[in-house]
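This report goes through one model from its annotated spans to its helix contacts and sheets. Please keep the sequence and the structure in view while reading.

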Amino acid sequence: MPRIGQGEAENTTQLTGAKSRMADFQLRAYQEEVVERALRRENVIIWLPTGGGKTRAAVYVAKKHLETTPRAKVMVLVNKVHLVDQHYNKEFKPHLGNDYTLVAVSGESEEKDFFGRVVRDNDVVICTAQILYNALTNTEENKHVELSDITLLIIDECHHTHKDSVYNQVMACYVEKKLKGEQPLPQILGLTASPGTGGGRTLDKAVGHVLQICSNLDSAIVSTKNYVSELKEKVPRPLKSFDIVEKRLQDPFGDHLKGMMQMIHEYMDLPPDVRPRECGTQEYEADVVVLEQRGVRQDNRLLAQCALHLRQYNDALLINDTLRMMDAYRSLEEFYITKFITAIDGTDFFLVGLFEENQVELQKLARDSRYENPKMGKLESTLLQQFSPNVKSKGILFSKTRKSIHCLKDWVLNNKALQAAGIKADFLTGSGNGSTYMTQNEQADTIRNFREGTLNLLISTSVAEEGLDIPECNLVVRYGLLTNEIAQQQASGRARAKDSKYSVVAQTGGREVQRELTNEYLEELTGKAIAKVQEMSLREFRTKITELQTEAVICRKIAESRKVEKKSRNTAASVQLLCRNCFKSVATGSDIKLLDNQHFVNVNPDFKRHYKVGMQVVLERSFEDWEPGCTINCSNCNKDWGYEMKYKKVALLPNLKIKNLALETPQGRVTVKKWKDVPFTVEDFSLAEYCEDNFPDLFN
């Protein structure tokens, strides 16, 4: 199959026929322009702004591909689970469902367990990228898929194809095959509202980033040149305003928190080389995260625990800066509820005692309306400018964390002026497990209620910035956010109604305004970088892409070799697993086995004496071979370790969170965030061996 920039004469007739039928599909002129090269079977990235109809253009390409390609197989990759059903129901099925077989597959679908067969039996497969990557690396016949089985691979939000993302892992398989001359390979169609600059602040760096994305996707990048005015008319830019508020003159609640933090600094006797930055900032948070890790490595529980508690106080300061004082107070109160009953040494008693001694005063200060956060008043007036009982408005309020959007919803629902204005709000977060996450069904219900008008204000984390099919809004507010230029563009693109407003609520001299202005510059820089790449001659472009791809393959091989070397440094039996909170040794590396290539479980029956079970874990979906049991916590200090899982109704296995454990190795103590980074090799789980070890009487 032809690669980048190639258009074969034999496709001319097909292209002419395709163009003549474009009107039936109702593509706009700028969409026709950006799909032209894709219809010639070239690998391309379509660059159109949020709301510009990238997905509709992709459906059109898929339709023409299916009509003109023998044994065509189209696969659509998305990077978030909720986008699987959205693309299936809203775009691909309505236009392709009458003539072709389509299926939507995610980690929540049973079809993932026989994905190879699903791909063989359907014309169009819409799935998360992880599903495809698992299938590429799985050797079981019913689960395995080859890239050669696919003729068109559509990658949504393709700017994520970089570094170690799963998109890039899939494309790494593609690039290696391409460089070896292996055929056939699928045609690639990427979709993005912005590839960004990759952190680059100069044109050369931005061009380098765009070329790297093109290299990773083995694609040229296309945009409209002849119909820019039509695109601007279809996707108008909202009116941007900086709604600035003066800094609060007095902040006795915040000052009191800082005083308590100073007392912890003095108690922990900070090492002379440690100089934490200003309290109440992201930089301070980064400092205490490093300090906690250092405490664990040095077997210094006082240092580690003080750092953990300082992070909670810093979180409270950040909340106090963005939300209500009571929200900040409650965040600390929630943290200390369990600490009262799980204190195990003098450090714990000091930290818990410090909060207890100051709790009444903190609560009193938090309730004093004279010192309330002025940003909340500015946010209220910003919302009231757009919402009133007689005006139909729709808006999205973006904030940073799941905790903050829960607090903002509570504030909106209890604010008399906002309720009188007819604001009907709910929050929207990413899917997952835990009280602050939403299930997929809850997400779908919230978006449907917003579309139908039952709700008119979504209070959302970044989940609503990218990809979700959310109706046009006339107000987008960014509140307490510091993000990159890609997120800013996508959030701005949500305000697509006529005369819409994009508001940044910020404090005088705050970093939000500077970041917004920087992002505007980076957005402009991205456009210039793309133009530079598009101006390259075909030969120059292909040479550069091949050079970058070759470098990437070499770097991946070196990284893989180092990873193997790191894991071979220690035998599993030589590594001890410790509770990260109390440092008690609870297992060895040889107790850990890898189940179904994703669950790290402890098979040693003696491990049970080190933990206590808690609440039953409830997950939204069911699984082929296992079901969740109860949560497990350290029996000594109550640290969360994960949960039990019932495997094939036979084995009850503790499924462990490595981030909540420490590793004692022959070289010293370390912490890791993910199991893939442990410095030893984890063997695969064997049910037969497990049964022999745990039920010996049955095998004698």
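## Basis

The model is predicted; local features need pLDDT of at least 70, side-chain atom pairs count only at pLDDT 80 or more, and totals for chains, interfaces and linings use all residues. Residues are numbered from 1 along each chain as its sequence is written, and side-chain values use heavy atoms, with hydrogens and water left out.

Helices (H or I, at least four residues) and strands (E, at least two) are DSSP runs, numbered from the N terminus.

## Annotated spans

An unreviewed UniProt entry gives the feature "domain: Helicase ATP-binding" at residues 35-213. This span is 42% helix and 16% strand, and its end C-alpha atoms lie 19 Å apart. The UniProt annotation "domain: RLR CTR", also marked as from an unreviewed entry, covers residues 565-692. Here the chain is 7% helix and 43% strand, with 32 Å between the end C-alpha atoms. UniProt positions are given in the numbering used here, feature names are shortened, and annotations may be inferred rather than shown by experiment.

Helix 7 (residues 129-137) packs with helix 8 (residues 166-179) at an angle of about 35 degrees, and their axes are 9 Å apart. Axes are lines fitted to C-alpha atoms, for helices over the stretch in contact, and angles run from 0 to 180 degrees between N-to-C directions. The crossing of helix 7 and helix 8 is left-handed, a term for a near helix turned anticlockwise from the far one by less than a right angle (right-handed if clockwise).

Helix 7 contributes Ala129, Gln130, Leu132, Tyr133 and Leu136, which meet Val166, Tyr167, Gln169, Val170 and Cys173 of helix 8; contact means heavy atoms within 4.5 Å. The contact of helix 7 with helix 8 has eight nonpolar, two polar and no charged residues. In this classification Ala, Val, Leu, Ile, Met, Phe, Trp, Tyr, Cys and Pro count as nonpolar, Asp, Glu, Lys and Arg as charged, and the others, Gly among them, as polar.

Between helix 11 (residues 252-268) and helix 13 (residues 301-322) the packing angle is about 170 degrees, with the axes 10 Å apart. Helix 11 is therefore roughly antiparallel to helix 13. Angles under 35 degrees count as roughly parallel, over 145 as roughly antiparallel, 65 to 115 as roughly perpendicular and the rest as oblique. The residues of the contact of helix 11 with helix 13 divide into 15 nonpolar, four polar and one charged. Among those of helix 11 are Phe253, Leu257 and Met261, and helix 13 supplies residues including Leu303, Ala307 and Leu310.

Helix 14 (residues 325-342) and helix 15 (residues 346-366) pack at about 150 degrees, their axes 10 Å apart. That angle makes helix 14 roughly antiparallel to helix 15. Their crossing is left-handed. The contact includes Tyr329, Leu332 and Tyr336 of helix 14 and, among others, Leu351, Phe355 and Leu362 of helix 15. By class, the contact of helix 14 with helix 15 has 12 nonpolar, three polar and four charged residues.

Six strands in the order 8-13-12-9-11-10 form an open sheet with parallel pairing. Two strands pair if DSSP finds at least two bridges between them. Strand 8 (239-245) and strand 10 (425-428) are the edge strands, each pairing on one side only. On average, neighbouring strands of this sheet are turned by 20 degrees against each other, direction ignored.

Strand 9 (residues 395-398) pairs with strand 12 (residues 475-479) in the parallel sense over four bridges, and Phe398 stands opposite Arg478 in strand 12. Helix 19 (residues 440-452) packs on the sheet and touches strand 9, strand 10 and strand 11 (457-460); the direction of helix 19 makes about 140 degrees with that of strand 10.

An open sheet of four strands, ordered 15-14-22-23, has antiparallel pairing. Strand 15 (585-588) and strand 23 (668-670) stand at its edges with a single partner strand each, so one side of each has no neighbour in the sheet.

Strand 14 (residues 576-579) and strand 22 (residues 661-665) form an antiparallel pair over four bridges. Leu577 stands opposite Leu663 in strand 22.

## Backbone details

The peptide bond from Gln183 to Pro184 is cis, with omega near -5 degrees. Pro184 lies in the loop between helix 8 and strand 6 (187-192). Arg41 has phi near 70 degrees, a positive value in a residue other than glycine; Arg41 is in the loop between helix 3 (29-39) and strand 1 (44-47).
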